[in-house]
Structure formats: structure tokens, C-alpha cells
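Subject: The structure for you to look at

Hi there,

Here is the structure I promised to pass on.

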Amino acid sequence: LAEAIEEAPEIFKGCKSKADADRALVVAKKTILHHEASNRETQNLSSSELKQSILSSYNIGDFFEGVKSVADNSVDLVEMDPPYGVNLTFGIKNLTSQQAKDLLSPDTCTPQEYEDFIRRSVAESYRVLKPGGWFILWFPVDPWWSMFKCILQESPFKFAGIPAIWTKLGGGPCVTRSPATNLGRAWEPFYYCRKGNAVIINQGAQPDVFNFKMMGGASKVHLTERPIELIEKILRTFVPQ
């Protein structure tokens, strides 16, 4: 720990105790290992054609800039998972409160700016979706549920007023800001919205509750990582194979 503090002090910015520093070091190690694994996988691809195909499947950057190059009515499904924390002031496991702020919610993001961001994102998602396409919108319950629902109601999307939920029991401790007064939250909601006459695949086979264990802390790469099995199930539910 002493060597790490000397070589990379920026990792420990905001730490107030040795326990904070230990947790920050664990997060930093995971991030480094993830990048190294990604680099190895890229380098080990034997086929340059396959490598280029994989690399070209991702467009990483500012959403509002990148989406300009996406044609109208060209996408089968959009899944949107916006930041949940606005003006975040509480700590998150393995992070100091300041590190959590830096990762999840810029200090400059006000509630009004957050609402504008969601409205613009929903509008662009509708534009790029094909007629018959689906829009999956994850959202934070408190205090934003009514805002998200109002934005969708004012949009051209059609959607059920009741969201689907992901229940994540059995994968680790449940998260709560106030464990002394609030039960741990073990579910997350998402709206499934259709453009035009979109239909569900295998109709009647999938309830509006998706039961998948959440990612364990040791296997997580991203703070809000979801199990790949959950995403696969959502895709098979709403997109023709």
C-alpha cells in the first residue's frame, strides 16, 4: 500500500483512512487487470478480419456526437442505462464518496440538466429505431420514477405504465444508503417501449420479472455491471434472432 501511494497518489485522493485506501487499491487493481485482459484478447485474435469486425462493433464516446452518424430508422433495439446518481453525496462500496461522484455523476449535473439529458436521449433513441423496434430504458426509482414516466408519455413511444423488473437475489449483499432504516434494494426496473407495431418474441413465455443473480464483487469490472445472461434474455425477448 505504501508503494502504491508513493507511485500513484491520485488513486487515493479523498481517502480518509487505511480502510479507504485499501478499498481504493482493490478497485485500481481490478481496473488494471481488466484493461490488460482486454488488450491480450485483442492481441490474440489470429484473424485480422475477425479482429477488425469486433473492434468496429463498438463506438465509444459522447452519445450525442456519436448518434449523429446513426441513420434514422436503422436500429432494432436501443438499451439505455443512464447514470443513477445526480448530485451524489453518499459513499459506494469500495469507493470514497468523492470517487463515486467522479465516476457516476459530475458535480455540475443538476436535476434540470439530468432531465434535459434524458429527454434528448429518448428523442434520439426514437429517431434511430426502426419501426417495430424496442427501447429498453433502465431508470432509478427514487426520486426519478415520475419524471421518467412523464418523459415517455410525452414521447411518441408506446409503453406499458408498469415497468419490468430485474430481481437480483442471491448474488451478494443488497445495497442501501441507510442500512439502519431502509431495507436493501434487490431489484431494478426498466420500461420496455415500442416504436410502431413492435411485438414481443415468444409471446406469453416471459413474465415481467427477470430473475438473475447480480454480479459478485470479485467478478465485477464495472460498478453497475449486469450479468450477461440477463442482457441475453432481454435481447431474445425483444429482438428476432
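Cys15 is partly exposed, with a relative accessible area of 21%, and Cys150 is also partly exposed, at 36%. For these labels, buried means under 20% relative accessible area, exposed means over 50%, and partly exposed lies in between (1.4 Å probe, protein chains only). A disulfide is a covalent bond between the sulfur atoms of two cysteines. Counting a disulfide as a pair of cysteine sulfur atoms within 2.5 Å, the total here is zero.

Before you go further, please keep in mind that this is a predicted model: local features need pLDDT of at least 70, side-chain atom pairs count only at pLDDT 80 or more, and totals for chains, interfaces and linings use all residues. Residues are numbered from 1 along each chain as its sequence is written, and side-chain values use heavy atoms, leaving out hydrogens and water.

Now the overall picture. The protein chain has eight helices and six strands; these are DSSP runs numbered from the N terminus, helices being H or I with at least four residues and strands E with at least two. From the N terminus on, the order is α-α-α-α-β-α-α-β-α-β-β-β-β-α. Of the 241 residues in the protein chain, 29% are buried.

Ser125 is buried, at 3% relative accessibility. Leaving aside residues up to four places away in sequence, Ser125 touches Val78, Phe135 and Phe157, where contact means heavy atoms within 4.5 Å.

Next come the charged pairs. Side chains of opposite charge can pair when their charged atoms come close. The structure holds 11 salt bridges, each one a side-chain nitrogen of Lys or Arg within 4 Å of a carboxyl oxygen of Asp or Glu. Here are some of them:

- Arg23 and Asp20 meet at 2.5 Å, N to O. They are three residues apart in helix α2 (residues 18-44), so about one helical turn separates them. Arg23 is partly exposed at 32%, whereas Asp20 is buried at 17%.
- Lys68 pairs with Glu65, with the closest N and O atoms 3.3 Å apart, and both residues are exposed.
- Arg127 pairs with Asp72, with the closest N and O atoms 2.6 Å apart. This pair links distant parts of the chain, 55 residues apart: Arg127 is in helix α6, and Asp72 is in the loop between α4 (63-66) and β1 (75-80). Arg127 is partly exposed at 23%, as is Asp72 at 48%.

Finally, Asp81, Lys168, Glu188 and Arg226 are linked in a network of salt bridges.

Best wishes
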